[in-house]
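Hello,

Here is the structure I promised to hand over. Please have a look at it first; my notes on what was found follow below.

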Amino acid sequence: MKIMTTAILCLILSTGTQAGAQGVVGSYEFTVRAANLAELPKDTSGEFLEFFAPGMAFGVLGLAAPPMYASGLVVGGLLLGPGALIISGIEHGIWQRVVQALGSIEFERDILLALQRRAASRLPLREGTKARVELVINGYGIVGERQDRVCFIADAEFRLLTGEQESLRRRISISDADSKASPDSPPAQCASIGRFAEHDGQLVRETAAEYSELLAALVIEQLDDARKP
Amino acid sequence: MTRLAALLALMVLFGCAREWRTSEPVQPTTYVAQSYRAVSSVGRLSRLAVMPVRLNAEADAEQLALPESIAQRQRLARELQASVSAYLANQKGYETLNVDMTLPSIEASAISAAGQRLNVDGIVLVERWIVQPWSTAKGILNVFTLNIPLYRALSAVNLRISIHETMSGRLVWQSESKGEESDLNAKIDLPRVLGDLDNAVPAQLRR
């Protein structure tokens with residue numbers, strides 16, 4: 001009877017040890033993919049061209065108008081017509097610089113590198129199973145309707161897979177809308193589109209680089225929390 | 001050149017916010033971490049102290065000395081300080097500290113000493129100007145002086161927000177809102193003044 005009890009106890013202990021070894025994550029393999037292309041700001045430069053025709057019409061009307069009204073119409077027309085062309089050209093140049101800067105970003109690659117680098121220091125290798133961390137970028141880029149305020153947003157979701165079993169799934173969102181933003185993420189970088197375009201889109205590239213690190217830091221933090229007993 | 005002239009004309013006509021940023025390196029004092037920003041990014045100064053607002057109200061000396069006028073100005077100053085602080089924290093991600101102490105001067109050494117004492121990366125100074133509404137006489141004078149007073153009124157500063165870094169005490173960022181303001185209770189368009197400021201380096205990347 002005593003021998004039988006000891007054998008059952010040994011079996012229970014060994015089963016427990018096996019389950020523990022299986023449950024412990026020793027190392028991580030990261031994959032990152034983007035579900036969508038980068039969000040581009042709206043090109044509103046064409047809207048200014050609507051003032052061109054009325055401006056030219058005022059100018060022409062001024063040539064035929066009585067002297068009392070002529071100067072006002074000509075000057076007004078000259079301000080409105082060429083002014084619309086100039087402002088439209090400037091706006092289009094700004095939009096192009098932002099789009100080019102967004103096009104130069106390798107967001108997926110940067111996040112993957114940041115994840116691997118941060119995991120190497122924060123989640124050291126240990127004995128256990130190899131887990132997969134899949135991060136899907138649902139969206140990133142510059143959004144906003146008004147040219148004086150557009151925001152760089154990023155939305156991603158990651159899941160931790162041990163074998164075929166999903167043990168953790170979290171969404172991380174850096175957004176200007178409070179309802180969409182994750183509680184632990186900082187506010188999105190918002191500014192005028194002109195500010196984003198300065199120095200060939202320096203703020204676009206800097207924000208993307210910082211978001212890559214930030215997303216990686218938030219993922220690693222949650223993996224670290226999940227790993228703690 | 002034509003574009004610049006057109007922009008200048010528009011700025012004078014409509015009045016707007018004007019922003020200035022340093023191109024020199026900006027250095028935080030409360031943390032050391034790898035930065036993914038340009039060295040001149042003001043966002044590196046993640047912890048800021050917002051000093052009491054300097055409110056310059058144009059009125060008769062007698063009126064300014066009235067207790068209710070003093071109380072109203074103090075209330076407005078406190079509200080503006082709180083609004084600036086909240087905007088910097090909620091929209092730009094800065095850690096802010098509302099401070100009651102007044103600076104002995106705005107010289108670099110005084111700013112640097114105050115910043116170190118408060119354990120912040122930078123000091124935020126807010127100044128507000130309120131003028132008296134135009135009188136009929138001023139309106140008539142404007143007609144006879146070819147709208148010069150009007151243009152001056154449109155380009156007058158009504159709000160200035162400056163950020164100085166603690167490390168050196170020097171000015172690193174400044175933005176102004178243009179256009180004379182005579183209504184003490186007028187709503188201040190802070191996004192227009194602070195909207196283009198870089199976000200603070202997030203706390204997760206300062207560790």
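Let me start where the two chains meet: 19 residues of chain A and 17 residues of chain B take part in the contact, two residues being in contact if their C-beta atoms, placed from the backbone, lie within 7 Å. On the side of chain B that touches chain A, the most residues, three, come from helix 1 (residues 2–14) of chain B. Sorted by class, that side of chain B holds six nonpolar, seven polar and four charged residues. Here Ala, Val, Leu, Ile, Met, Phe, Trp, Tyr, Cys and Pro count as nonpolar, Asp, Glu, Lys and Arg as charged, and the others, Gly among them, as polar.

Before going on, please keep in mind that this is a predicted model, in which local features need pLDDT of at least 70, side-chain atom pairs count only at pLDDT 80 or more, and totals for chains, interfaces and linings use all residues. Residues are numbered from 1 along each chain as its sequence is written, while chains are lettered from A and ligands numbered from 1 in the order in which they are written.

The model scores ipTM 0.85 and pTM 0.83. For chain B the mean pLDDT is 89, and 92% of the residues score at least 70; pLDDT is the predictor's confidence in each residue, from 0 to 100. Among the elements of chain B, strand 2 (residues 47–50) has the highest mean pLDDT (97) and helix 1 the lowest (48). Over residues 6–15 of chain B, pLDDT stays under 50, and the model has ten contacts beyond four places in sequence for them. Where pLDDT is low, the predicted coordinates should not be read in detail.

Chain A

Chain A has six helices and five strands, in the order α-β-α-α-α-α-β-β-β-β-α from the N terminus on. Helices (H or I, at least four residues) and strands (E, at least two) are DSSP runs, numbered from the N terminus. Of its 229 residues, 30% are buried. A residue is buried if 20 or more other C-beta atoms lie within 10 Å of its own, exposed if 12 or fewer, and partly exposed in between, with C-beta atoms placed from the backbone.

Strand 3 (residues 149–162) and strand 4 (residues 165–174) of chain A run antiparallel and are joined by nine bridges; two strands pair if DSSP finds at least two bridges between them. They form a hairpin with two residues between them, and A:Gly163 in the turn has a positive phi of about 65°. A:Thr162 has A:Gln165 as its bridge partner in strand 4.

Seven residues of domain 1 touch six residues of domain 2.

In the loop between helix 2 (45–48) and helix 3 (52–64) of chain A you will find A:Leu49. It counts as partly exposed because it has 13 C-beta neighbours inside 10 Å. Leaving aside neighbours within four places in sequence, A:Leu49 is in contact with A:Ala84 and A:Ser88.

The cores

The largest nonpolar core has 47 residues, and those touching the most other members include A:Val98, A:Phe196 and A:Leu215. A nonpolar core is a set of buried Ala, Val, Leu, Ile, Met, Phe, Trp, Tyr and Cys residues joined through C-beta atoms within 7 Å. Helix 6 of chain A gives this core its largest share, 14 residues. Beyond four places in sequence, A:Leu215 is in contact with A:Ile111, A:Ala154, A:Ala156 and A:Ile172. A second, separate core of 31 residues has B:Ala17, B:Leu45, B:Leu48 and B:Leu197 among its members.

Chain B

Chain B contains seven helices and seven strands, and its C-alpha trace spans about 60 × 50 × 30 Å along its principal axes. Of its 207 residues, 30% count as buried. Helix 5 (residues 136–144) of chain B lies largely in the open, because zero of its nine residues are buried. Just after helix 5, B:Leu146 takes a positive phi of about 55°.

Enjoy exploring it!

Best wishes
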